[in-house]
Amino acid sequence: MWGDENNAFTSNDITNYYITLPSSNLETAFWLESDRMLSLAFGEKSLEIQRNVVVEEFKQRYLNQPYGDVWLRLRPMVYKKHPYRWDTIGKTIAHIENAKIADVKAFFKKHYNPQNAIMVVGGDVKPEQVKQLAEKWFASIPPDEKYHRDLPQEPMQHEQRRDTVTAKVPLNDIYIAFQMESRFDNGYYAVELMSDILSRGNSSRLYRNLVKEKQIFSEVHAYMTGSIDKGMFVFEGKPLNNITIETAEAAIWEELEKVKLEAIPSDELTKVKHKTESTMIFSEMSLLDKAMNLAYYELLGDADKLNHETEKYLHVTAEQIMEEANKLFRKDNSSTLIYLAE
């Protein structure tokens, strides 16, 4: 009706509501969001409708597609104490089916209140206008108690963990997850560059060595969760039909040992830094992405940190990457999940 788009997403760390609309209709967004925060409609009927929607989403995304339950299996292997051991949607359908209206209301009251909210407005707007609208639409909402994030922290892993599942999947699949430090850790930037060196594009090490040259995997990836608290660095690979699981797993570890023992050549490191720099620049071109990034960095403690992210990547050295690799890639810090095709 107003030419807008309104959506939301939830991760293990945040819930993000966002609206894009013409600046001439800016007040409409304030009205909608303040109404949601002040008097979101709760009722048994609406809860039942949403419960059924989420149950179907759980079935569709996690149970009825190949490898869909990987995070339901992998997270409890990596995390034994931290709430990250549960996926955002829940561990089982029973978690959704058993949700009571009182639980939902209590959760909303605890988290979705002004003291726990960060709002970013971007576009063809004037700061004074934004301040006036914020005062008009949010000042009267009761602040409630301030939520202090104080979650049980995951202890360092000192044992190799393994699990094997046989399922109706098209190909065997290997997942190896390592505990990594939090988003606030000084080594975070070196670890992220390392993930790109291993698995960003067709010139990356894993693709070049394990897919193209040795022809062990049909596809292989390395990525990290980037969680606020202790995160995961994950390798995923589908071996070719003529390759055993043991051979494929050994090939991954061989690549990891190289990163641990040999400094990244300067030209390889420079190339991946340039890719990261271009990614950061392009992320500034979308107004919605920029607004979301500012909100996230404010959550981390200071929105201005976004303006200094690129230089932190550019200052990473080959020695730092090798140091982080030796911290991470230990057998007693690994959780390996094997999918065997029926």
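Buried means under 20% relative accessible area and exposed means over 50%, with partly exposed in between. The model shown in these views is predicted.

**View 1. Length of helix 2, residues 44-63.**

**View 2. Buried and exposed residues of helix 2.** Leu47, Arg51, Val55, Phe58 and Tyr62 are the buried residues of this helix. Seen down the axis of helix 2, they fall within an arc of 75 degrees, so they line one face. Lys45 and Gln60 are exposed and sit on the face turned away from the buried side.

**View 3. Cover over the buried residues of helix 2.** Helix 3 (70-78), helix 4 (93-97) and helix 5 (101-111) are included in what covers these residues.

**View 4. The largest nonpolar core, with 42 residues.** Phe233, Phe235, Ile321 and Phe329 have the most contacts inside this core. Among the elements that give two or more residues to the core are strand 4 (173-180), strand 5 (217-224), strand 6 (231-239), helix 9 (245-261) and helix 13 (318-328). Helix 7 supplies the largest share, 8 residues.

**View 5. Surroundings of Phe329.** Neighbours within four places in sequence are left aside here. Phe329 is in contact with Phe178, Met194, Leu198, Phe233, Phe235, Trp253, Leu256 and Lys260.

**View 6. Another core, apart from the largest one.** This core has 21 residues, including Met77, Val78, Ala177 and Tyr339.

Key
Residues are numbered from 1 along each chain as its sequence is written. This is a predicted model: local features need pLDDT of at least 70, side-chain atom pairs count only at pLDDT 80 or more; totals for chains, interfaces and linings use all residues. Side-chain values use heavy atoms; hydrogens and water are left out. Helices (H or I, at least four residues) and strands (E, at least two) are DSSP runs, numbered from the N terminus. The expected span of a helix is 1.5 Å times one less than its number of residues. Buried means under 20% relative accessible area, exposed over 50%, partly exposed in between (1.4 Å probe, protein chains only). The arc is that of the directions from the helix axis to the C-beta atoms. Contact means heavy atoms within 4.5 Å. A nonpolar core is a set of buried Ala, Val, Leu, Ile, Met, Phe, Trp, Tyr and Cys residues joined through side-chain atoms within 4.5 Å.
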